[in-house]
Amino acid sequence: MAAHWAGRRLSLLSLILTKRGQHVPLCCVYSPRWKSSGPSSLQDRQREIMARGLPKQKPIAGVGQVVVVASGKGGVGKSTTAVNLALGLMAIDPSKRVGLLDADIHGPSVPKLMNLKGNPELTETNRMIPLTNYGLPCMSMGFLVDEEAPIVWRGLMVMSALEKLLRQVEWGSLDYLVVDMPPGTGDVQLSISQNVPVAGAVIVSTPQDIALLDARRGAEMFKKVHVPVLGLVQNMSVFQCPNCQHQTHIFGSGGARQLADTLGVHFLGDIPLHLNIREMSDRGQPVVISSPDSPEAEAYRKLAAAVLLRIQEVTV
């Protein structure tokens, strides 16, 4: 049985690492680097790249609106926010079909957060069928590798895998696809922004100054690539003691709201630092599903409603 699944993973990875009928060799770990000989050479190179033009955006088959959830740095609760946002969208309007794409190739979190394991089945046309839990279809690199296996890939292989996750998944018909982006402002963010029509970006940050610096970079990046910034979410905004109900702002107070005002973007809401969110996430039971009547679940539903309102505003 172990040999069977190992063989199946190898087959799926081969599918992922195939681009336009040609296999991407594992030896593609080094790539020639252009070296600048001075400021004028750098400017010439930049003009040359811009002259080539940006890639044409192509919609994902069957998907209506794409919403990316991003952060400037890791550890701010972006993936937990993305999962509960997707489930929140379903909760406030059950008639809408929502999907969740884990675009963090090196550090996929969706399988754990959604309590999903196993390999996706393939259609007759070699398109991957998402795994589903709580009525939410999900796709992640984590479904294609062992849970503890590191994904030690460089740019070419990562981009090939991302292309397959974007284009070779049988989503069916979706109203919204929530994309859990990797942290930072690198190749994956740029590739998705330039190749897929994105309705808007949700930026997640804690109120802490160091997180806000990177959140600002993330928001500015999306502005540069002409992706509407739907707004900022202030995660881990306040901790309330379960015994005495005293509130403590462990990571500071109001930082994301102030940054939103500075950048001229919307503030989408606060998500508290709550033990229930952490415990349920570790169990693969997001609070929107496991504790729907809790204040923390209501915070995620309010976030989903704010995101829907912003999508309507920017797509009019």
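A residue is called buried when its relative accessible area is under 20%, exposed when over 50%, and partly exposed in between, using a 1.4 Å probe and protein chains only. The structure is a predicted model, in which local features need pLDDT of at least 70 and side-chain atom pairs count only at pLDDT 80 or more, while totals for chains, interfaces and linings use all residues. Residues are numbered from 1 along each chain as its sequence is written, and side-chain values use heavy atoms, leaving out hydrogens and water.

The protein contains 11 helices and 11 strands; these are DSSP runs numbered from the N terminus, helices (H or I) having at least four residues and strands (E) at least two. Of its 316 residues, 48% count as buried.

The structure holds 8 salt bridges, each a side-chain nitrogen of Lys or Arg within 4 Å of a carboxyl oxygen of Asp or Glu. One of them joins the side chains of Glu-170 and Arg-127, at 2.9 Å from N to O. Glu-170 sits in the loop between helix H5 (155–167) and strand S7 (174–180) and Arg-127 in the loop between helix H4 (110–113) and strand S5 (131–133), so this pair ties together parts 43 residues apart in sequence. Glu-170 is partly exposed, with a relative accessible area of 36%, whereas Arg-127 is buried at 18%.

Another salt bridge links Glu-313 and Arg-310, whose closest N and O atoms are 2.8 Å apart. Both residues lie in helix H11 (residues 295–315), 3 residues apart, about one turn of the helix. Glu-313 is partly exposed at 40% relative accessible area, and Arg-310 is buried at 10%.
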